[in-house]
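Have a look at the model before reading on.

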Amino acid sequence: MTVIPPPPSDDAGLARATKRFLGAAAAEADVVYAELDSPVGPLVAAATTLGLARLAYRDHNGGLDVVLDTLAARLSPRIVEAPRRLDAVRRELDEYFAGARRSFGLPIDLALAGPFGREVLRACAQIPFGATSSYQAVAAAAGRPRASRATGNALGANPVPIVVPCHRVLRTGGGIGGYTGGLGIKEHLLGLEGVAL
Amino acid sequence: MVPFQRFFEQHADAVWRYCSAAVGPSHADDVFQETFLAALRAYDRRRTSASPAAWIMAIAHNKAMDHHRSTGRRALPVAELPEIARADPEPVLDAGHWARVRTLPPKQRAALTLRYAADLSHAEVARALGCSEDAARRSAHEGLKTLRAELLP
């Protein structure tokens with residue numbers, strides 16, 4: 001039986017076609033993402049048409065594949081890599097880490113947070129650069145003063161850390177509390193903002 | 001359902017080989033682009049039980065057929081040979097085979113391209129073409145018979 005050998009491989013052609021496709025796909029996908037480097041380790045940023053929906057500490061969150069699988073399950077599987085679409089996020093983060101930015105102007109999509117989580121994150125976003133608050137105070141600002149445990153959980157599940165500054169929330173009495181990227185990063189961010197622990 | 005980016009990375013190579021074989025190197029880029037854009041648009045409606053390879057190749061096959069229809073097969077495959085020879089002198093014989101495959105009747109052409117360029121099993125070829133496995137085998141067999149008569153005298 002004659003078997004036809006496959007056509008000659010043409011890696012350069014495939015690379016060109018891939019680049020062209022991903023460029024066009026960025027405009028049609030529900031979620032676009034990029035991997036970013038930062039002083040606190042590699043990040044994965046993902047945005048919907050509404051804004052930044054996820055900023056993950058890649059290694060602390062199980063790696064790129066796990067981050068993307070979660071986005072596929074909870075937002076949409078129509079996800080493509082589109083570094084250019086995350087340029088504004090990269091720029092504002094670079095400025096923040098360089099000490100040249102004290103607040104973020106990025107549009108944010110809190111689709112990954114539940115209804116109470118959104119209230120908590122909105123309250124948290126009001127804490128200014130270099131200041132800190134307590135779980136109790138954030139719970140009160142979110143409208144449920146007795147729900148400081150639920151508030152801690154909501155902050156721990158913050159889909160967009162750094163940009164929504166959950167690192168500024170400490171335990172009443174000054175304990176550092178927890179952090180979604182590990183306590184070392186929380187300390188790094190507070191140090192960057194000049195908070196003495 | 002796997003994130004589309006990963007699905008794309010898993011199937012880009014096979015779709016590219018299929019497109020190169022089905023419409024020739026100078027049009028593969030366009031058919032590849034249309035195939036994956038259509039896949040992205042329909043991705044969240046895909047039945048996850050179906051073979052992903054057969055699903056994407058069915059789309060690629062439809063886009064290749066659209067291409068053949070729109071060009072009315074005016075682009076003679078022979079005209080593309082010098083370009084292939086320049087790009088990669090070694091496998092001219094392979095390229096020649098695929099140029100001849102593109103002149104076969106549609107069913108034979110589709111069965112051979114999906115089987116040997118996209119590396120699908122006969123069962124997956126059948127699923128991609130919406131025919132029975134026997135019919136897919138028969139089309140591939142007839143295509144090979146024609147090629148053997150023409151190419152290996």
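## A loop residue in chain B

Asp119(B) sits in the loop between α6 (106–117) and α7 (122–129) of chain B; helices are DSSP runs of H or I with at least four residues, strands are runs of E with at least two, and both are numbered from the N terminus. Its phi is near 65°, a positive value in a residue other than glycine. With 15 C-beta neighbours inside 10 Å, Asp119(B) counts as partly exposed (20 or more other C-beta atoms within 10 Å means buried, 12 or fewer exposed, in between partly exposed, with C-beta atoms placed from the backbone).

This is a predicted model: local features need pLDDT of at least 70, side-chain atom pairs count only at pLDDT 80 or more, and totals for chains, interfaces and linings use all residues. Residues are numbered from 1 along each chain as its sequence is written, while chains are lettered from A and ligands numbered from 1 in the order in which they are written.

## And one in chain A

Ile162(A) also isn't a glycine, yet has a positive phi of about 70°. Ile162(A) lies in the loop between α6 (148–156) and β6 (169–170) of chain A, and its 22 C-beta neighbours inside 10 Å make it buried.

## The buried side of α2(B)

On α2(B), the buried residues are Ala28(B), Val31(B), Phe32(B), Thr35(B), Phe36(B), Ala39(B) and Leu40(B). They cover an arc of only 165° around the axis, so they fall on the same side of α2(B) (the arc is that of the directions from the helix axis to the C-beta atoms).
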